[in-house]
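Here is a short briefing on one protein model. Keep the sequence and the 3D view open as you read.

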Amino acid sequence: MSTDKKRVQFRAPHRLIDRADALAAVLGEDRTDVLVTALREYLQDAAHDDKLIQEIAAAYYDDEITFAQLKALVGAKEAANTRVLKQQLDEGFVDEIAEL
């Protein structure tokens, strides 16, 4: 895992941050550690959610995200499969359907 860090800033409900702070106190960590762990676990779970993977693939097909972003979200193997399918759709399928 990369040790490269990027500073982010966001707004969240007070109650949610209060809960993160309480958990951080219990674990002897800081708020950032709790939030990073929660985000990491959410992204790992998302990579196994079929409905979300379909939405991610659709975003890639529509050029809303790059291949690098796709790979970061679903992993190298799934991203490679999605790229091949996109290429097939771009190169042949549309022309084939248009001829019908």
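A charge sits over a ring if NZ of Lys or CZ of Arg is within 6 Å of the ring centre and within 35 degrees of the ring normal. Keep that rule in mind for the arginine and the lysine below. The model is predicted.

**Charges over rings**

- Start with R83, which is placed in helix α5. The charged end of R83 sits over the ring of F67. The distance to the centre of that ring is 3.8 Å.
- R83 touches F67 and also Y60, not counting residues up to four places away in sequence.
- R83 and Q54 are 29 residues apart in sequence. In space, their C-alpha atoms are 13 Å apart.
- Next comes K86, which also has its place in helix α5. Over which ring does the charged end of K86 sit? The ring is that of Y60, and its centre is 4.4 Å away.
- K86 has a relative accessibility of 12%, so K86 counts as buried. The cut-off for buried is under 20%.
- Leaving aside neighbours within four places in sequence, K86 is in contact with Y60, Y61 and D63.

**Aromatic rings**

- How many aromatic pairs are there? The count comes to two.
- In the pair of Y60 and Y61, the ring centres are 6.5 Å apart and the planes meet at 50 degrees, so the pair is tilted. Planes under 30 degrees apart would count as stacked, and planes over 60 as edge-to-face.
- Y60, Y61 and F67 form one aromatic cluster.
- Y60 is buried because its relative accessible area is 8%. Y61 has a relative accessible area of 27%, so Y61 is partly exposed.

- T82 has its place in helix α5, which covers residues 76-99.
- Why does T82 count as buried? T82 is buried because its relative accessible area is 7%.
- Setting aside neighbours within four places in sequence, T82 is in contact with A57, Y60, Y61 and L70.

**A loop residue with positive phi**

- Where does D63 lie? D63 is in the loop between α3 (50-61) and α4.
- D63 is not a glycine, although its phi is positive, at about 60 degrees.
- D63 counts as exposed because its relative accessibility is 58%. The cut-off for exposed is over 50%.
- D63 is one of the residues in contact with K86.

**The largest pocket**

- The largest pocket has a volume of about 1,400 Å³.
- A set of 30 residues lines this pocket. Nearest its centre lie T32, L35, V36, T37 and L39.
- Which helix gives the most to the lining of the largest pocket? That helix is α2, with 12 residues.
- Three helices, α1 (14-27), α2 (31-46) and α4 (67-74), each supply at least two residues of the lining.
- By class, the lining has 16 nonpolar, six polar and eight charged residues.

Methods. Residues numbered from 1 in each chain as written. Predicted model: local features only at pLDDT ≥ 70, side-chain atom pairs only at ≥ 80, totals over all residues. Heavy atoms only, no water. 1 Å grid on protein atoms, 1.4 Å probe; cavity = no way out; pocket = protein on both sides within 12 Å on 5 of 7 lines; lining within 4 Å. Points joined across faces, edges and corners; volume = space filled by probe spheres on them. Helix = DSSP H or I, 4+ residues; strand = E, 2+ residues; numbered from the N terminus. Nonpolar A, V, L, I, M, F, W, Y, C, P; charged D, E, K, R; others polar. Buried < 20%, exposed > 50% of the residue type's maximum accessible area, 1.4 Å probe, protein only. Contact = heavy atoms within 4.5 Å. Phe/Tyr/Trp six-rings, centres within 6.5 Å; stacked < 30°, edge-to-face > 60°.
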